[in-house]
Amino acid sequence: MEDIKLIISKNIVMLRKRSGMTQIELAEKLNYSDKAVSKWERGESVPDIVVLKEIADIFDVTVDYLITEDHPEPKTEQALADAEVPQYARDAKKHRMHRVVTGMSVLLVWVIATLLFVIFDASLNRTNANFLIFGYAIVASMIVWLVFNSIWHNRRRNYLIVSGLMWSVLLSVHLSILVGGFNLWQIYLLGIPGQLIVALWSIIGRKK
């Protein structure tokens, strides 16, 4: 019996201090005097079963917790916060982070392209070919987007991205030839069968 008194007293003290509550505040919640709470915490007396249940409810534990000596380590505040967040909310946060990383990676491509354009344009070799950097930046952006979309996002969007990649490659090649003095617009005709292939690929993918 003496051991039970000490165990209960130890648990009450630990729970009260962990919650930042004084003896007077606990006594007021139980409609007891602070002297009674002090006796419980010193192990001089034991609350009856009804009061034990009230104490357990106040600190959100079980009566068994109050009369047991060994307890598992309490979860950290971060762990408790994570546990309170629903799974769908955590998934939404993760998806937002993935979109941010994808967007930043695409923007990095354009930062590099702009930097290269400024360097070449500031040099003595100022030609219309410098603008081709932005054409190939579109191609690089599509490739980066395709990679991240395949890893993190909806892979059905890959069909759209591949289409954009194909047409941006054709555009870049056309502009490159145009700078050389030739207007080979017929190169875009290659995009027609290419687009049909992508469309058939998407149909097969949906059926799978």
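Trainee: At roughly what angle do the axes of helix α2 and helix α3 cross?
Mentor: Happy to start there, bearing in mind that this is a predicted model. The axes of α2 (residues 23-30) and α3 (residues 34-42) come within 8 Å of each other. Their crossing angle is roughly 110°.

Trainee: Are α2 and α3 roughly parallel or roughly perpendicular?
Mentor: Angles of 65 to 115 degrees count as roughly perpendicular, and these axes cross at roughly 110°. The two helices are therefore roughly perpendicular.

Trainee: Which residues of α3 does α2 meet?
Mentor: From α2, the contact involves Gln23, Ile24, Leu26, Ala27 and Leu30. The residues of this contact divide into six nonpolar, two polar and two charged. On the α3 side they meet Asp34, Val37, Ser38, Trp40 and Glu41.

Trainee: How many residues apart in sequence are the parts tied together by Phe117 and Phe134?
Mentor: Good one! These two rings form a tilted aromatic pair, 5.2 Å centre to centre with 45° between the planes. Phe117 lies in helix α7 (residues 87-122) and Phe134 in helix α8 (residues 132-152), so the pair joins parts whose separation is 17 residues.

Trainee: Is Phe117 buried or exposed?
Mentor: Buried means under 20% relative accessible area. Phe117 has a value of 15%, so Phe117 is buried.

Trainee: What kind of pair do the rings of Tyr159 and Trp201 form?
Mentor: Tyr159 sits in helix α9 (residues 158-179) and Trp201 in helix α10 (residues 191-207), 42 residues apart. Their ring centres are 4.7 Å apart. Planes over 60 degrees apart count as edge-to-face; these lie at 90°, so the pair is edge-to-face.

Terms used: Residues are numbered from 1 along each chain as its sequence is written. This is a predicted model: local features need pLDDT of at least 70, side-chain atom pairs count only at pLDDT 80 or more; totals for chains, interfaces and linings use all residues. Side-chain values use heavy atoms; hydrogens and water are left out. Axes are lines fitted to C-alpha atoms, for helices over the stretch in contact, and angles run from 0 to 180 degrees between N-to-C directions. Helices (H or I, at least four residues) and strands (E, at least two) are DSSP runs, numbered from the N terminus. Angles under 35 degrees count as roughly parallel, over 145 as roughly antiparallel, 65 to 115 as roughly perpendicular and the rest as oblique. Contact means heavy atoms within 4.5 Å. Ala, Val, Leu, Ile, Met, Phe, Trp, Tyr, Cys and Pro count as nonpolar, Asp, Glu, Lys and Arg as charged, and the others, Gly among them, as polar. Rings of Phe, Tyr and Trp (its six-membered ring) pair if their centres lie within 6.5 Å; planes under 30 degrees apart count as stacked, over 60 as edge-to-face and the rest as tilted. Buried means under 20% relative accessible area, exposed over 50%, partly exposed in between (1.4 Å probe, protein chains only).
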